[in-house]
Amino acid sequence: MAVTIRQIAVVAGVSRGTVDRVLHNRPGVKPEIAEHVRKISQDLGYEPNRAGKILAARKQPLKIGCFLPGVGNPFFSDVMKGFRRAEAEFSDFGITIELSEVKGYDVRVHIKAIKELVASGCQALCVSTIDTPEMREYLDGLIQSGIPVVAVNTDLSKTKRLCYVGCDYVEAGRTAAGLLSLMTTEQLNLLIITGSLKMKGHNERIRGFSRTLREKKVPYKLVEVFESLDNDDHAYQKTLEALQAHPEINCVYIVAAGVAGICRAIQELGLERKLHVLSHDQIEVTCQLVREGVIDFTIGQEPEEQGYRSIQLLFNYFMSDRRSVPDDYITNTVIKIKENLS
C-alpha cells in the first residue's frame, strides 16, 4: 500500500498542509520542521506518484456527483458509506463527493436531481437510476459533453456509461430459485413483489428466478406481480390485498425494498411460517425478520463495496488521463440464513 501524505502527517505530528508544502518545496515551513518531515517521508518509503502529478497538473479538485433513489430505502445507506469511505481515502488528491437522493422512480425527478449535480460543478457521476429511453438519452448527452458516468448498483442498457459496479442480478435471482427448489417440491403459487419495473436490476432478478424454476422443473404459477415502489406503506397495503384475494399463495418473492411493509401484512394475517418468503439485501429489518423465521433467507450484494469501488474506478480513470476504461466490477452474491447472520 502506497504511503500517503496523511500517514506522514500523523507520524510527523504536523498537518497535511505542512507535509504537502514540504514535499512540493513550497515556502512557509520552518527549516527544522521541513527536515523532520523529509526524514519521516524517507523512512516510510514515500514516493510521489503519478496520480499526484496529474492532479497537480489539473490544478483543480475532482468533484463527483452521486445520485441514488435512496429516500425511504435504507439499503442505500451502505452504498453511501462506501462513497464516503472512498472520499476520505482519496481526499489527499482533492476528491470530493456531492450526494443527491430522491424518493421513488419518476424520471423527471431523477433527471432534475442529476441536472442539479452537474450545475453544482460535478465533473463525473455515479448514478443508480431507472433504465428508460428518456434517462438513457439524457445520460448519453452528459457523457458526450465530457462527464463520465458510472452505473452503480443497477446497470443501464445500451448507454455509453463508463462501467457498471454492482451485483449480478440474474445470478442473485437464480440463487433465490435454486435455494427455494431445495426447500420444497410442492406446487408454488407465487406472489412476486418488485421495487420498480423501470429498474434493470429488479427485472433481471425476476428473469433469473423464473428461468431457474423452469430449468429445475419446479411446478409454479405466477399469481400476481406488483411494484412496492420501495415504500413500506404501499407494499403493506398491496400485499394485504393480494394475500386476501388469493389464499392459494404459498410463496412470496421480495425482489427489492418494502420488506417491512410486506412482512407486516404477512404477520397480521397469521401467515408467518406458513409461506415461503424470500428476500434480497441485508438491512437490519430484513435480518431481524430472518432471525424471527418470517423470511426464509435473504441474499446480499455488498452495497458498501459498490459505493467504494465506483468512486475508486472513477479516480483511477481520471488519474490515467482517461485513457484506461475500467472493467465492470461485480460484487459477491451472499446467502444469509438465520444461522450465519452476524
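Strands here are DSSP runs of E with at least two residues, helices are runs of H or I with at least four, and both are numbered from the N terminus. This is a predicted model, where local features need pLDDT of at least 70, side-chain atom pairs count only at pLDDT 80 or more, and totals for chains, interfaces and linings use all residues. Residues are numbered from 1 along each chain as its sequence is written, and side-chain values use heavy atoms, with hydrogens and water left out.

**Stop 1: around strand 3**

Two strands count as paired if DSSP finds at least two bridges between them. Now show the side chains of strand 3 (residues 124–127). Ala124 and Cys126 point one way, Leu125 and Val127 the other way, and all are buried. Buried means under 20% relative accessible area, exposed means over 50%, and partly exposed lies in between, with a 1.4 Å probe and protein chains only. In a regular strand the side chains alternate between the two faces of the sheet.

Strand 3 pairs with strand 4 in the parallel sense, over three bridges. Leu125 stands opposite Val149 of strand 4.

**Stop 2**

Select the six strands in the order 2-1-3-4-5-11. They make an open sheet with parallel pairing. Which strands stand at the edges? Strand 2 (95–101) and strand 11 (329–331) do; each has a single partner strand, so one side of each has no neighbour in the sheet. Neighbouring strands are turned by 15° against each other on average, direction ignored. Axes are lines fitted to C-alpha atoms, for helices over the stretch in contact, and angles run from 0 to 180 degrees between N-to-C directions.

Move to strand 5 (residues 163–167). Three bridges join it to strand 11 in the parallel sense. Gly166 stands opposite Ile330 in strand 11.

Stay with strand 5 and pick Asn153, in the loop between strand 4 (149–152) and strand 5. Asn153 counts as buried, at 5% relative accessibility.

**Stop 3**

Select the strands in the order 7-6-8-9-10-12. This is an open sheet of six strands with mixed pairing. Strand 7 (220–227) and strand 12 (334–336) stand at its edges, each with a single partner strand, so one side of each is left without a neighbour. Here too, neighbouring strands are turned by 15° against each other on average, direction ignored.

Zoom to strand 10 (residues 297–300). It runs antiparallel to strand 12, and three bridges join the two. Thr298 stands opposite Lys336 in strand 12. Then show helix 10 (residues 232–245). Helix 10 packs on the sheet and touches strand 6 (188–194) and strand 7; its direction makes about 150° with that of strand 7. Contact means heavy atoms within 4.5 Å.

Next, find Arg273, in the loop between helix 11 (259–268) and strand 9 (276–280). Is Arg273 buried or exposed? Arg273 is exposed, with a relative accessible area of 60%. Its phi is positive, about 70°, although it is not a glycine.

**Stop 4: the aromatic cluster**

Select Phe90, Phe93, Tyr308 and Phe315. They form one aromatic cluster. Rings of Phe, Tyr and Trp (its six-membered ring) pair if their centres lie within 6.5 Å; planes under 30 degrees apart count as stacked, over 60 as edge-to-face and the rest as tilted. The count by this rule is six aromatic pairs. Phe90 and Tyr308 are stacked, because their ring centres are 6.4 Å apart and their planes are at 25°. Phe90 lies in the loop between helix 5 (76–89) and strand 2, and Tyr308 in helix 13 (residues 303–319), so the pair ties together parts 218 residues apart in sequence. Phe90 is buried at 7% relative accessible area, and Tyr308 is buried at 7%.

Phe90 and Phe315 are also a stacked pair, 4.4 Å centre to centre with 10° between the planes. Both residues are buried.

Finish with Arg85. It lies over the face of Tyr308, at 4.2 Å from the ring centre. A charge sits over a ring if NZ of Lys or CZ of Arg is within 6 Å of the ring centre and within 35 degrees of the ring normal.
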